[in-house]
Amino acid sequence: MTERLQRRLVFATLAIALPLATLAALSLGSVSLDPIGVLRSAGARLGFGGPGALGETGEIILWSVRLPRVLLAALVGGGLAVVGASLQSLFRNPLADAGLLGVGPGAALGAVVAVNLGWARERFFALPLSACAGALLALLLVYAIAHVGGKPTLAGLLLTGLAVSALAAAATSVLLVATEEFRVRTVLFWLAGGLEGRGYEHLGLAAAFVLAGTGALLLMARALDVLALGEEEAAALSLPVHAVRILVFGLCALIAGPTTAVAGSVPFVGLVAPHALRALVGPLNRRLLPASFLAGAGLVLVADLACRSFGEHVELPLGSVTAFVGAPYFLVALRGQEGHG
Amino acid sequence: MSAVIEAKGLWLERGGRAVLRGTDIALRPGDALALVGPNAAGKSTLLRALAGLLTPARGEVLLDGRPLPAWPRAAVARRVALVAAEDTAAERLAVEDRVALGRYPHRGPLAPFTEDDRAVVARALRLTEIEHLQRRPLGTLSAGERQLALLARGLAQDPAVLLLDEPASHLDVRHQLHLFRVLDEVRARGVAVLAVIHDLQRASWAPRMALLHEGRIAAEGSPADVLESEATGRAFGVSVRGVPVGDGPERLWRFEERA
């Protein structure tokens, strides 16, 4: 099989699987909806056929509860996967990920600070922007510390990310517990993630940032390819290395901040999706970024479905589900990379 | 013919140490120059200064007679290509995609590649004789093939000056011969080639040789002139004796440690 055919198959599979997963996620849940009814209801909204295919309750569940949540799950997953793929090019390491580099915990801290100081109540965009700032700060901190004394090793990078993540998570917990109105449940949300009760306002908020950031990173696909060749070669090819790095950090924070603000920490998605696809579509970002977006969207969509299908009155934390899948994957991939020196 | 690239009195410090102390060097189109010198003589530093990656504290690099800082970065990268000793690109990257990234200085981050770009990439693959490898991931190549792919990326920049940092150090003898034959062809097309070469015997590939010692060009001329000079003996701490091969001008050199 030629590489070209393989790549087309991968994209075709993703393009078919994502709508199917979306349909499944819209139909399944605490109240099951008939998939055909869901499709007919969607058709009615688009102006084909009569209304009310699902009955009044079903329509409300589908359009007011499930659709925003499902779209948000896809957006969060797609955005985090694009962030992961971009950071992997930037750090020249296929195991780099927003979660491992302190971005998620940094964003969570930023968001909690905004809530805690009351900014989030005063201004609509204070919460996501503060989360962006937290994510960016964490990234810059990890980058700066890891680069003290030359090019960081994988271990150095991961350990620095771990330390910064732990620091941010600790500060988040202290902030939450120290504030009376917050309870353990909120702490759990920021540390373990979840999409329970998320609606259109959250979707709108995340969509603006995620789509803008993803679009900008797609435009930088070739620059990311050159950056992945290493600092010296990139500079010799006239790429403004430091400016591009800062820009990529900024765009990653722009995506990771709001996704964390609406979904809490959703670890490993940014690692698994691009890492698996790199083997299938190759490392060129003009293919890897869109493929990662689709795969990440599907992953979180399915993970969220698993969370809300677990039991009648209990929802699993989304971040735990992605970690259950992602952490073993990471360990296997890490062994593989060490094996290659 | 005037120099396409020229360093004048370069003075450059790295890590608090003056690595280049008034280095002068010039290449005209079609020149091939082997740069030799003991470890830490500043050879790589000189290459990077010529490519505009390091800024000298004193002196200047002239490209087509104009100082480097007066050129836009992309314009320098369209005229000067730097080929490193070792390729560290992703293992899964296909050879043709690796080579095509050499078009970045011509197209920038957004403009799509044109027929012209594809033709230059194809020519680079042909010149280096790795067309049959173009769809292979880099990780499946031998060290010699990978070095040729890296050279092809440099050629894809369509440069007037090709700077190579120890291009042959990881190659077996057959791949070395192949590499130098490719460099001869590149030179015949009017490209100025400057190569740092560790192996003094191998460095005699080039008709001109320059010895860099303590940050200055200590000897320059034909390989025999340079290798048999007192400067080379002093720089490396060896004595050198040239042995004629057959009746032609070709020579081999014997090196012995100095007492």
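The legends below accompany close-up views of a predicted model.

**View 1. Confidence of the predicted complex.** Chain B has a mean pLDDT of 94, and 100% of its residues reach 70 or more. For the complex, the predictor gives an ipTM of 0.94 and a pTM of 0.92.

**View 2. The open sheet of chain B.** Four strands of chain B form an open sheet in the order E2-E1-E4-E5, with antiparallel pairing. Strand E2 (17–27) and strand E5 (66–67) of chain B are the edge strands, each pairing on one side only. Strands of a sheet pair through backbone hydrogen bonds, in either a parallel or an antiparallel manner.

**View 3. Pairing of strands E1 and E4 in chain B.** Five bridges join strand E1 (residues 5–14) to strand E4 (residues 58–63) of chain B in the antiparallel sense. Within this pairing, Ala7(B) stands opposite Val61(B) of E4(B).

**View 4. Helix H1 on the sheet of chain B.** Helix H1 (residues 43–50) of chain B packs on the sheet, where it touches E1, E2 and E4 of chain B. The direction of helix H1 makes about 120° with that of E1(B).

**View 5. The contact between chains A and B.** Chain B contributes 21 residues to the contact, and chain A contributes 22 residues. On the side of chain B that touches chain A, helix H2 (73–79) and helix H4 (104–107) of chain B each supply at least two residues. H2(B) gives the most to this side, with four residues. Classified by residue type, the side of chain B that touches chain A comprises 16 nonpolar, one polar and four charged residues.

Key:
Residues are numbered from 1 along each chain as its sequence is written. Chains are lettered from A and ligands numbered from 1 in the order in which they are written. This is a predicted model: local features need pLDDT of at least 70, side-chain atom pairs count only at pLDDT 80 or more; totals for chains, interfaces and linings use all residues. pLDDT is the predictor's confidence in each residue, from 0 to 100. Two strands pair if DSSP finds at least two bridges between them. Two residues are in contact if their C-beta atoms, placed from the backbone, lie within 7 Å. Axes are lines fitted to C-alpha atoms, for helices over the stretch in contact, and angles run from 0 to 180 degrees between N-to-C directions. Ala, Val, Leu, Ile, Met, Phe, Trp, Tyr, Cys and Pro count as nonpolar, Asp, Glu, Lys and Arg as charged, and the others, Gly among them, as polar.
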